Amino acid sequence: MLALQILIDGFAISTLFALGALGFTLIFGVSGVLNLAHGGLLVIAAMIAWYVGTSLGYGADWGALAGLAACVAAALLTYLGVVRPIERSRAIPARERELFVLTATLLWGVMIEEALSYAFTNSPVTVKPLIGGTIDLFGVSTPINELLIAAIAWLAMGGLWLLVNRTRIGKRLLAASINPRGLTLLGFELGTIYLIVWLVYGALAGIAGVLLGSFLGSGSGYIPGLTGSAFTIVVLGGLGSVSGTLIAAYIVGYIETVTAYLISPSLRDVPALILLVVVLYVRPQGLLGRR
Amino acid sequence: MLAGILVLLALLPLGANGYILGVLTTAFYFAVFAMSWDLLFGYAGEVNFGPTFLIGLGAYGAGMANALLHAPVPLAILIGAAAAVAGGVALAIPALRLSGPYLGLITLVAVLLLQQAIVIFAGVTGGEIGLSVPDVLSIDSGPNYEYALAFMAASGLVLTVIARSSLGMILQAAGQDRIAAAALGFNVTKHKIMAFAVSALFSGLAGAFLVFYLGTASVSAVVDIAIGVRVIIAAVLGGRRTIIGGAIGAIFLIVAGELLRPIGQLSTFVVALIALTVIVLFPDGLLGLLPARRGS
Amino acid sequence: MSKKGRLAVIAGGIALGVLPMAFAHAAKPIKIGITAELGTIPGKAIANGAILAADQINAKGGVNGRKIKLIIEDDHLSTTDAIRSFQRMVKQDHAVAVVGTFVSEVALALEPWAARLHEPYLITGAAANELSEYVHADYKQRQYIFHAYLPAAYLAQAVCDASKQTLVDQFHMKTAVVMSEDAAWTKPLDAGYDKCLPKVGLKVLDNIRFAPNTSDFTPIYQKIESLHPNVIIAGWAHVGVQPTVQWAEQKVPIALAGINAQAGSSVFWKATNGATEGVITGSTSAPGVAITPKTLPFTDAYQKKFGISPAYTGYSTYDAIYALADAIGRAKSTKPLAIVDALDKTNMIGTQGRLVFQGPKSKFTHALKYGPKYVTGVAFQWQKGVQKCIWPLNLANAKPVFPSFVKLPAKS
């Protein structure tokens, strides 16, 4: 019974972790950008979804759509306003671009946090679930929302896989991630490719943000934690590796759940942190990372 | 010119009031945080996201030595600095194997674990409500200001000398191409550990001083990741690989925050916006904007 | 601030479209510093409560013919910022007293400075026992500090007293599980719960503490369900929305009571999409409940001025400003020790009850007195989107009603 409990509960939380980290790893894989404002984008999606859906009263569906749209817009703004100017700047040596992107997105994340706290205060809210109620799953009472979240998350991840592996745009994305210079020579506009990736990223982060907000709640104070856990999972799985991210998300999700169930809820995140240190020590490129 | 500015700053208590001195005192300690960080990042190329791991060790080491062991302030500060150096060496070990974002994450985790440890051992650390220390440097702003200024000037001098010495050169070489540096016969391992130890020493000292200025050690003041973020932003904003840029960035951030107080809650937002603009448009930071450096 | 500095600030303020407050007054105003966390609901209520009290006092002619002028500063939840701003308010602005903060960490960091600088300081929201124990430990040095709110030990006592007269007497509940966030303020709270709950007839089956950054509460609820208690006694302030929503979503068949600080806010219904239906929490007040003749006029005026209902810190800060003004009026002086002596003799009706500060012999020196004749707070329950008072019984405007998924003990 307890084992089943852990299995179901861990699955839900892990799936959310995976979805939340997916966009983060995608954007790194294709354009080499570590977006430390990632948590900010997730929370923008959730707060707007709550504001439109609950506060203004338009209902869960419109709220979710509005949150998604806001997140895509914010992702585009992140790219056009913060990341692209750095990538195109002649004054920044290529070797140091990574750190400049890190610092700049970090600052951008702080700005998002402050702006959200100003607009909505920092007290957390929950996004209205698309479907309420619970269902009995092998004797474990499980909220339907949890199953829905898992389903949407897997649909989104499947969609991403199809996009990358089965469409023309996807093939260009793949090519861009492997050899950006070669792609320009072939006449593809690298800028357009990056723009598309950021759009896809915005959509993924938007879905993740709204779903996270309906399961875990959201608020400006969540931003550093969300960025941190996405960062952790992605590095643990291997930067840029989508399958590594998925595996790492499930490992971290289950370790946290098992710790909370069997040891103590107050030590929930400690074992995962220690595991991370150990893995990076033994295998610095992460579980499935390339060096 | 620098000496002139320092003399001017040293004479400031004659004319300025306690409030300005108070703001600058905090800013000076932050300046040392940022300069120490720049030694690791700017010269050695180590992405250290956890400056507050070192700062926190120094601060809590000193605070606990004073509050629990009743060590006098100077001794407590040394104990804090020793704790920070031990932490710095411990961080150097993963840094020998990892680089870039991977090291960044390890240093971030170090901060989180330190934070957890402080909360778990609340009995001796004061936990999340913090630790009051019985002694302070001074309750008057004048002496506090002079201590901080002297400490910042001395730290800046030592760090600059180290950075421009052979150690700095080797670190820079190793940061760009480790294998080549090793092939030239430099003991990269030894130098990297040295760099971490020096950076930790000054971070820890500054953390310890800050505790005896504030009269309290708390997670939100010396360990929280947000503080580390401010240190990094200060160093990059001021101008990386310059040491003194860190000081300029830190002082700028804190003074700007104070000047923007009238706009209340949004002041942090505006400061972040200014910093972002500078970083994107002028990557060499505030120091790069000075006309004197333009030519060089 | 130097003239030049001030000019720069003013210029900056105008450039940003924020006009500085008027700074010339005929009679020298009495300055009171407010330190608050303006980005948070309780922090904002500290500032609002103080503004409302000062406006009302000034409208009636001020104190001893002098107006009150507030200096409100945002400490951003940071001890460093708070200490700097405290020093500035004392040394630069010559504030005669400082009021505020609901964060124990910030309050504890400010206390030594209040003692060193001999500055009367009234804490209006933080609840750690340590705050008043600190005063007790060295009264002569630290008498400047007043904890104008209840220490956590009394908050626990209030929950026990309320549970006795509602859950035990009306619903025959016999067992409880304590579920608190792992934070400084809940340690004395849990110690208080463990001591007083059995005395009122609720056996404590377990005491579960969880990390304040916990995102998924399912494991905790599962564990609690397996113990089959009648009620969960909460100790929550950092968390609130999330455990409440999961309690409702997973239909945990156990009543939820105790202290759920975020549920005290009127926006909690929307923040949880109504999941808070049936949740009971201890609080300072509930809408429409006249604890004293001052309570309702205060909430009405607050609602009118700020458009929202006050958080608990709104009441305590409003009362603290009145107590301070009253003390200064009686002392006819703004010297620190004169104010402290007058505050020691405070005996007035506030919005929360009768305000009396405890003497140096009490363990909780300079904390508010707790009890039916003094301050007890209330317990209320969310019922159909409204906070209904269920305790003290003489003030109650509703009986507790639990959601259908909560299993109540059979009436014996």
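Biologist: Where is the place of C:Asn273?
Modeller: C:Asn273 is in the loop between α11 (268–271) and β10 (280–283) of chain C. Helices (H or I, at least four residues) and strands (E, at least two) are DSSP runs, numbered from the N terminus. This is a predicted model: local features need pLDDT of at least 70, side-chain atom pairs count only at pLDDT 80 or more, and totals for chains, interfaces and linings use all residues. Residues are numbered from 1 along each chain as its sequence is written, while chains are lettered from A and ligands numbered from 1 in the order in which they are written.

Biologist: What is the phi of C:Asn273?
Modeller: The phi of C:Asn273 is positive, about 55°, although the residue is not a glycine. Most residues other than glycine have a negative phi, and most peptide bonds are trans.

Biologist: Is C:Asn273 buried or exposed?
Modeller: C:Asn273 is buried, because 22 other C-beta atoms lie within 10 Å. A residue is buried if 20 or more other C-beta atoms lie within 10 Å of its own, exposed if 12 or fewer, and partly exposed in between, with C-beta atoms placed from the backbone.

Biologist: And C:His228, where does that lie?
Modeller: C:His228 lies in the loop between α9 (218–227) and β8 (231–236) of chain C. C:His228 is not a glycine, yet its phi is positive, at about 55°. C:His228 counts as exposed because 12 other C-beta atoms are within 10 Å.

Biologist: Which peptide bond in chain C is cis?
Modeller: The bond from C:Trp391 to C:Pro392 is cis, with omega near -5°. C:Pro392 sits in the segment after β14 (386–391) of chain C.

Biologist: Turning to chain A, how many helices and strands are there?
Modeller: Chain A has 11 helices and two strands. From the N terminus on, the order of elements is α-α-α-α-β-β-α-α-α-α-α-α-α. The radius of gyration of chain A is 19 Å, close to the 19 Å that the globule rule gives for 291 residues, so chain A is as compact as a globular protein of that length. The radius is taken over C-alpha atoms, and the rule is 2.2 Å times the number of residues to the power 0.38.

Biologist: What does the C-alpha trace of chain A span along its principal axes?
Modeller: The trace of chain A spans about 60 × 50 × 35 Å, and 57% of the 291 residues of chain A count as buried.

Biologist: How many residues of α4(A) are buried?
Modeller: In α4(A), 19 of the 24 residues are buried, so this helix is largely enclosed by the rest of the structure. Helix α4 (residues 97–120) of chain A should span 34 Å at 1.5 Å a residue, and its end C-alpha atoms are 34 Å apart, which agrees. The expected span is 1.5 Å times one less than the number of residues. A:Thr121 follows α4(A) and has a positive phi near 60°.

Biologist: How many residues do chains A and C each give to their contact?
Modeller: Chain A gives 27 residues and chain C gives 28 residues; two residues are in contact if their C-beta atoms, placed from the backbone, lie within 7 Å. On the side of chain A that touches chain C, two or more residues come from each of α1 (2–31), α2 (38–55), β2 (140–143) and α10 (242–263) of chain A. That side of chain A divides into eight nonpolar, 15 polar and four charged residues. Here Ala, Val, Leu, Ile, Met, Phe, Trp, Tyr, Cys and Pro count as nonpolar, Asp, Glu, Lys and Arg as charged, and the others, Gly among them, as polar.

Biologist: And how many residues are taken from chains C and B for theirs?
Modeller: That contact takes 35 residues from chain C and 26 residues from chain B. α1 (3–15), α3 (79–92) and α4 (104–117) of chain C each supply at least two residues of the side that touches chain B. This side of chain C has 17 nonpolar, 11 polar and seven charged residues.

Biologist: What is the secondary structure of chain B?
Modeller: Chain B has 16 helices and two strands. Buried residues make up 60% of its 296 residues.

Biologist: At what angle do α2 and α13 of chain B pack?
Modeller: Helix α2 (residues 18–43) and helix α13 (residues 244–259) of chain B pack at about 145°, with their axes 7 Å apart. Axes are lines fitted to C-alpha atoms, for helices over the stretch in contact, and angles run from 0 to 180 degrees between N-to-C directions. The contact residues include B:Phe30 and B:Trp37 of α2(B) and B:Ile251 and B:Ile254 of α13(B). By class, the contact of α2(B) with α13(B) has 13 nonpolar, four polar and two charged residues.
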